[in-house]
Amino acid sequence: MPPAYPWRVTVPGADQPSAVRADGVGEGVGERTPPRPGGEQRGPAADRRIRTFHPRRSRTTPSAASALTRLLPAWGVDAEEPPAHLSDLFDPPRPVVLEIGSGMGEATLQMAAADPGHGIVAVDVHTPGIGALLAGAERAGLANVRVCVGDAVELMDHLAPASLVGIRAFFPDPWPKVRHHKRRLVQPAFVHRAATLLVPGGTLHLATDIPDYAERMLAVCAAEALLVNRSGGFVPRPDWRPVTGYERRGLVAGRPSVDLILERR
Ligand SMILES: C[S@@+](CC[C@H](N)C(=O)[O-])C[C@H]1O[C@@H](n2cnc3c(N)ncnc32)[C@H](O)[C@@H]1O
């Protein structure tokens, strides 16, 4: 049995008190991890943490709100107290891929449907997107999707070493201004942590359409001794990585994407 989701997550549109501030900060984020104005989150570890995501305003559709209310208790994972082995969330247990920043869940749904032998745990702070993902997973009858409403960096702190076969972060927030680059997800500490969580042969797969971020990702990953880049550089988008609305908008705007796949030694 998956563990119960032990806290109340505000579901916009549902009949609950709201954790959303008048300016929209904290929209839809679980009450234990509301973003704070300074950018950090609550809790001793979180107080050291730089937030890598933007507060976002967007509508929760009625189907997403309903899916959050009904499914999050069974399919949700607590970012602060997850099982150390995410494979335990599945019955039967199966190798797990962690998808960081699943957005509206378009890629998650397609990857999960195409690969039922693996579990996908999708983590995002954006509750409306997680709701859309849950609704889609229910519609498609997918048994291999679990979700976490929260900060992936925090979730990763609680996972066992060598417990994941893959970590995917497709189009992490670009933070284009130089003074915000410290907020980018892909930093040496993140890459090292990701590498420790992978089984030998497991992969860290990154994608971005921001050229200077791509170069930085390449350099940071090259400096991580636990990872090897078998291609020596970027790789063409694998056929199985779905193109999301976010990527499509970038392509239309003239921003081609690159993929980077690193293997755990
Ligand atoms: C630019 S969107 C891309 C979404 C999706 N991967 C796609 O390709 O369409 C980046 C997503 O990452 C999420 N995100 C950024 N930092 C995060 C973090 N530390 N933990 C969880 N989600 C995060 C944001 O909330 C946002 O939904």
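What share of the contacts in the protein between residues at least 6 apart in sequence join residues at least 24 apart? The points below start with that.

1. Overall fold. This is a predicted model. The share asked about is 74%. The protein has 8 helices and 7 strands. Of its 265 residues, 45% count as buried.

2. Confidence. The average pLDDT of the protein is 87, and 82% of the residues score at least 70. Among the elements, strand S4 (residues 164–170) has the highest mean pLDDT, 99, while helix H1 (residues 44–47) has the lowest, 56. Residues 1–8 have a pLDDT below 50, and this stretch has 14 contacts in the model beyond near neighbours in sequence. Residues 15–42 also stay under 50, and for them the model has 65 contacts beyond four places in sequence. Where pLDDT is low, the predicted coordinates should not be read in detail.

3. The ligand. There are 23 residues around the ligand, and those that come nearest are Phe53, Gly101, Gly103, Thr244 and Tyr246. Strand S2 (119–124), helix H5 (152–157) and helix H8 (245–252) are the elements that give two or more residues to this shell. By type, the shell divides into 12 nonpolar, 7 polar and 4 charged residues.

4. Aspartate 124. This residue is found in strand S2. Aspartate 124 and cysteine 148 are 24 residues apart in sequence, and their C-alpha atoms are 6.5 Å apart in space.

5. Helix H2. This helix covers residues 62–75, which is 14 residues. At 1.5 Å a residue it should span 20 Å, and its end C-alpha atoms are 19 Å apart, so the two values agree. H2 bends by about 40° at threonine 69, and proline 73 follows within four residues. Its buried residues include Ala64, Ala65, Ala67, Leu68, Leu71, Leu72 and Trp75. The buried residues of H2 pack against helix H4 (127–140) and strand S3 (145–149).

6. A cis peptide bond. Which two residues does a cis peptide bond join? They are aspartate 91 and proline 92, with omega about 0°. Proline 92 is found in the loop between H2 and strand S1 (96–100).

7. Alanine 162. Alanine 162 is not a glycine, yet its phi is positive, about 50°. It is placed in the loop between H5 and S4.

8. Tryptophan 175. Tryptophan 175 has a positive phi of about 40°, and it is not a glycine either. Its place is in the loop between S4 and helix H6 (188–197). Tryptophan 175 counts as partly exposed because it has 18 C-beta neighbours inside 10 Å, which lies between the limits of 12 and 20.

How values were computed
Residues numbered from 1 in each chain as written. Predicted model: local features only at pLDDT ≥ 70, side-chain atom pairs only at ≥ 80, totals over all residues. Near = placed C-beta within 6 Å. Nonpolar A, V, L, I, M, F, W, Y, C, P; charged D, E, K, R; others polar. Contact = placed C-beta atoms within 7 Å. Expected span 1.5 Å × (residues − 1). Bend = angle between axes of the 7 residues up to and from the residue. pLDDT = per-residue confidence, 0-100.
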